[in-house]
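Got your viewer open and ready? Let's take a short walk through this one, one selection at a time.

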Amino acid sequence: MKIIKMKKRILTGERPTGPLHLGHYVGSLENRIKLQDQYDCFFIIADYQVLTDHLTDTKQIEKNIKEIILDYLSVGIDPEKCTIFIQSQIPAIAELTMYFSMMTSLAEVERNPTVKTEIKTAREEGRISEITYGFVGYPISQAADILFVRAHLVPVGKDQLPHIELTQEIARKFNRLFGEVFPIPEALIGEVPLLPGLDGRKMSKSLGNAIYLSDSPEVVVNKVKRAITDPARIHPTDKGHPEICNVFQYHKAFNKEEVEEIETKCKNAGIGCVACKKRLIEVLNAFLDPIREKRKFYEGRDDLIREILSTGNERAKKEGEETLRLVKEAMHFDYKGILD
Ligand code: TRP
């Protein structure tokens, strides 16, 4: 007998709220490039989820989706090896969200720490009236994102862990109530420490402290020049503290060959911040150059992007239909006795 060994399935992705930056690269894209060789990978562009807090600028979403696809392709995510798709194009995700929302208690929704923090921030910022029913429930929709392909592994950052736990709860509850349909997905948490923004805060689009994969060489020069280094180091003759310096974190992530030398030199005032930044600019631009080149190639190829999305959406849709068939059968929602 021929034994076909199925590859394990991975699902992860992001919201199309803007272009991807170096933090995304270090924290997840780099890992995906490796994972796509070993697993059956699905990458979701979660456009419904954008509506949870960007309800007024929906016009931007299409452009952002395109940028993300270009980011994916330019770093080496290969649509021949993986499935890239748009959340709202997959009817099964919306349908599963409906079933799953009936299986999730209000208490479970309310105790999600990520959601709680976001509500607290909204209250502090006077935006509490913008918190919608859909926002509070987005982890349920995220569970549908994961379970519609019956994924085994979900590579995510730590902040997403509560959502994966909820997904496991939903999968377990479904299997217990209606029969085994879903594998219990596990989170795959990256080992890489988060890359800080150029000002030392979390790297984020809204804080304006990110270097994007699509930034030009000149933009990288200007951004790194403005980056905050060790605040205690005023003169180049002062000894530096690389462990608290943002620029050093970038050397750690992108300049592995020289990082030890730079650390020693910084600690002994053997290299000043200006020279250290200059070196980082060279290293980052050398890293980004091939990515820019690939991007340029794909930028003029709208037909290719169309094809990638149409193939990806089709495959995801098919998987979703099969999952939904199993779900409806298990729940007796297929109404075989009264429907054709
Ligand atoms: N919530 C995730 C984020 O903001 C994006 C996301 C949506 C996601 N659906 C997902 C991540 C499913 C992993 C699996 O980054």
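Start by selecting Leu284: it touches Leu22, Ile211, Val220, Val224, Tyr250 and Phe254, leaving out residues up to four places away in sequence (contact means heavy atoms within 4.5 Å). Before you click on, know that this is a predicted model, where local features need pLDDT of at least 70, side-chain atom pairs count only at pLDDT 80 or more, and totals for chains, interfaces and linings use all residues. Residues are numbered from 1 along each chain as its sequence is written, and side-chain values use heavy atoms, with hydrogens and water left out.

Leu284 is among the residues with the most contacts inside the largest nonpolar core, which has 55 residues. Such a core is a set of buried Ala, Val, Leu, Ile, Met, Phe, Trp, Tyr and Cys residues joined through side-chain atoms within 4.5 Å; buried means under 20% relative accessible area, exposed over 50%, partly exposed in between (1.4 Å probe, protein chains only).

Next, select helix H1, residues 22-38 (helices are DSSP runs of H or I, at least four residues, and strands are runs of E, at least two, numbered from the N terminus). Its buried residues include Leu22, Tyr25 and Leu29.

Now hop to Leu194, in the loop between strand S5 (186-189) and helix H9 (217-226). Is Leu194 buried or exposed? Leu194 counts as exposed, because its relative accessibility is 69%.

Last stop: the ligand. Select Gln49, where a polar side-chain atom lies 2.8 Å from a ligand nitrogen. Then try Asp145: an N or O atom in its side chain is 2.7 Å from a nitrogen atom of the ligand.

Conventions. The expected span of a helix is 1.5 Å times one less than its number of residues. A polar contact is a pair of N or O atoms within 3.5 Å; within protein, one must be able to donate a hydrogen and the other to accept it, and residues adjacent in sequence count only if both atoms are side-chain atoms.
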